[in-house]
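The following explanation is meant to be read alongside the sequence and the coordinates.

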Amino acid sequence: MPRDLREPDTPSNTVSYFVREAFRRIWVTKRTSFVAVAMIAMSLFILGGFVLVADNMERAVERWQGKSHVNVFLDIEAAPDQIRAVDGFLASHPDLHTRHFVTRAQALERFKTYFVNLSQVVDQLDENPFPASFEVEVTPRIIQSPGFPAEMKALRSMSGVEQVQFDWEWLNRLRRLIDIVNAVGLTAGGILAVAAAFTIANVIRLTMLTYREEIEIMRLVGATERIIRGPFLIEGILQGAIGGFVAVGLLFGTFVLAQRLLAPSNSLLWSFLFIGFLPWQKIAALIAGGMLAGWIGSWLSVRERVTEEA
Amino acid sequence: MIHFYHVTKKFDLYSTALQDVTFHVEKGEFVFLTGASGAGKSTLLKLILRQIRPTEGQIVVNGRNLNAMKRNHLPFFRREIGMVFQDFKLIERMTVFENLSFILTVLNVAPREHKKKAYQVLRAVNLHHKLNAYPPQLSGGEQQRVAIARALINDPLVLIADEPTGNLDPDLAQEIMQIFGDAHLRGSTVLLATHDRDLIQVSGRRTLVLDQGRLIEEKPAVVERPARTDGVFGLS
């Protein structure tokens, strides 16, 4: 009676064989493998760059969202009575009573701190151009309340008030910008990831051509398709993983370098872009994305090859 | 063990490699397959390994109908057959040991056993001192013996060889034949394709003669068949 041929094909030592072979094949075809790894690294670097910018903007929004401000700028020539009236108005409204008065001199000092390079220009002026203001802390819930626009309108119409600004609109704009950054990043990164997957597919195809004779021998001595395909699939995944690690490394290097070069002192303009590097979950997702692209690429060529042989 | 029923193999309309071939090789037999170049010997061996399919007829090997065999069963079927190819088909980038170790990986033999088993089988073909050599560093005869060692490592039920003594000097050919004889004594069914008539005559084994794709003669054996014993390499 012949033995059952449907025995499970799960050799315990095949996984180590797959990994060993995959590393060896990457080394043998190092030039083409380098192209595949570079493609993956480049696409993940671009995608990661967008994610990093969006992530920092998101964090900035979260910070500001927690304590949004309404800035009530007063006339440069506002009389003390008018200032007291505005203060009284704010104090009488429970939603607006957490306030802080910024004098003209304080406003000038702040400007000099934020924009170090422009401080000399300001010093050359005859007169302090900055108005005094009230900074009113409000929560997002208050800003979105139905009575808030009326309160702002009343405030604007008071004598001695030059302008009323609140950053909620600005935050909304920033949110839309984050969405755009995310969308652009995902689109560009996605397109490049697809291109990288196809590059890996071609690299694996070349490797398979190199090993064509060997694959035939393997088939003849009883190797299953799983054993034959395994090292190629692992090769693709490894290339993707290496590309992912390279991308994260480059991204971190660029981030640290940019932080040093572009964010001196407390420059408001840049500081919100450098709150921090990507959280580990997003780093892991980037590397996993590289591995996925590698796996898809190698699977495409392995599948094609098997179909050819069928 | 090997049964051909009216097997015809055509590669195209004008070339018929085998024409209505019927024969049976029983378990434990040692059979020669002979004929001039182009007689269809290699085609017949490829059919046994199911490298190719017959155009007509049925082939049964070790109780399995190859025509009905599913593609995913093929690797497991091939593991029961030890095949020595005419061109050896050794993996050149692998050492002798790695060529054998790969088969053991396929057979799910624990890695710690690989060296021991490879050494045993190489000792049987008197090549244990070449464990770490690469095939291109070996002579034709040595490569042939590595190919035989690879075929033997699984103690196969069926051992098939395509011109295993081709291009070898008579002494070496005799040595190779001795290895096949030993495998036969251990119980493997052996089918050996060769055009070396002297070799066949000396052995006195049963012989199938092919000519232009037809089986034209069957010469009976003049020696007794041995009974199968347990595999020497412990993998049967």
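Buried residues account for 41% of the 310 residues in chain A. The model under discussion is a predicted one, and the description below should be read accordingly. In chain A there are 12 helices and 4 strands. The accessible surface of this chain comes to about 16900 Å², and carbon and sulfur atoms hold 63% of that area. Where contacts in chain A have a separation of 6 or more, 85% of them are made by residues 24 or more positions apart.

Part of the surface of chain A deserves a separate look. A nonpolar patch is formed there by A:Tyr114, A:Phe115, A:Leu118 and A:Val121, which together have about 330 Å² of accessible area. Of these residues, A:Val121 lies in helix H5 of chain A, which covers residues 119-123. A:Val121 counts as partly exposed because its relative accessibility is 47%, a value that falls between the 20% limit for buried residues and the 50% limit for exposed ones.

Chain B can be described in the corresponding terms. It contains 7 helices and 10 strands, and 58% of its 236 residues count as buried. The chain exposes about 10500 Å², with carbon and sulfur atoms supplying 47% of this area. Among its contacts between residues at least 6 apart in sequence, 69% join residues at least 24 apart.

The strands of chain B include an open, antiparallel sheet of 4 strands in the order S2-S1-S4-S5. Its edges are strand S2 (16-25) and strand S5 (64-65) of chain B, each of which pairs on one side only. Strand S1 (residues 2-10) of chain B runs antiparallel to S2(B), and 6 bridges join the two. Within this pair, B:Val7 stands opposite B:Val21 in S2(B). Helix H1 (residues 41-48) of chain B packs on the sheet, where it touches S1, S2 and strand S4 (56-61) of chain B. The direction of this helix makes about 120 degrees with that of S1(B).

Another open sheet in chain B has 6 strands, ordered S6-S7-S8-S3-S9-S10, and its pairing is mixed. Strand S6 (81-84) and strand S10 (214-219) of chain B are the edge strands, each pairing on one side only. From one strand to the next, the twist averages 15 degrees. Helix H5 (residues 140-152) of chain B packs on this sheet and touches S6 and S7 of chain B, its direction making about 170 degrees with that of S6(B).

Within this order, strand S8 of chain B lies between S7 and S3. Strand S7 (residues 158-162) of chain B runs parallel to strand S8 (residues 189-193) of chain B, and 5 bridges join them. Across this pairing, B:Val158 stands opposite B:Thr189 and B:Ile160 stands opposite B:Leu191. Strand S3 (residues 30-34) of chain B is likewise parallel to S8(B), through 4 bridges; here B:Leu33 stands opposite B:Ala193.

How are the side chains of S8(B) arranged, and are they buried or exposed? In a regular strand, side chains alternate between the two faces of the sheet. B:Thr189, B:Leu191 and B:Ala193 point one way from S8(B), whereas B:Val190 and B:Leu192 point the other way, and all are buried.

Key: Residues are numbered from 1 along each chain as its sequence is written. Chains are lettered from A and ligands numbered from 1 in the order in which they are written. This is a predicted model: local features need pLDDT of at least 70, side-chain atom pairs count only at pLDDT 80 or more; totals for chains, interfaces and linings use all residues. Side-chain values use heavy atoms; hydrogens and water are left out. Two strands pair if DSSP finds at least two bridges between them. Axes are lines fitted to C-alpha atoms, for helices over the stretch in contact, and angles run from 0 to 180 degrees between N-to-C directions. Contact means heavy atoms within 4.5 Å. Patches are made of residues with over 30% relative accessible area and no salt bridge: like charges are joined within 9 Å, nonpolar side chains (Val, Leu, Ile, Met, Phe, Trp, Tyr) within 5 Å. Accessible areas come from the Shrake-Rupley method with a 1.4 Å probe; for residues, only the protein chains shown count as cover. A salt bridge is a side-chain nitrogen of Lys or Arg within 4 Å of a carboxyl oxygen of Asp or Glu. Buried means under 20% relative accessible area, exposed over 50%, partly exposed in between (1.4 Å probe, protein chains only).
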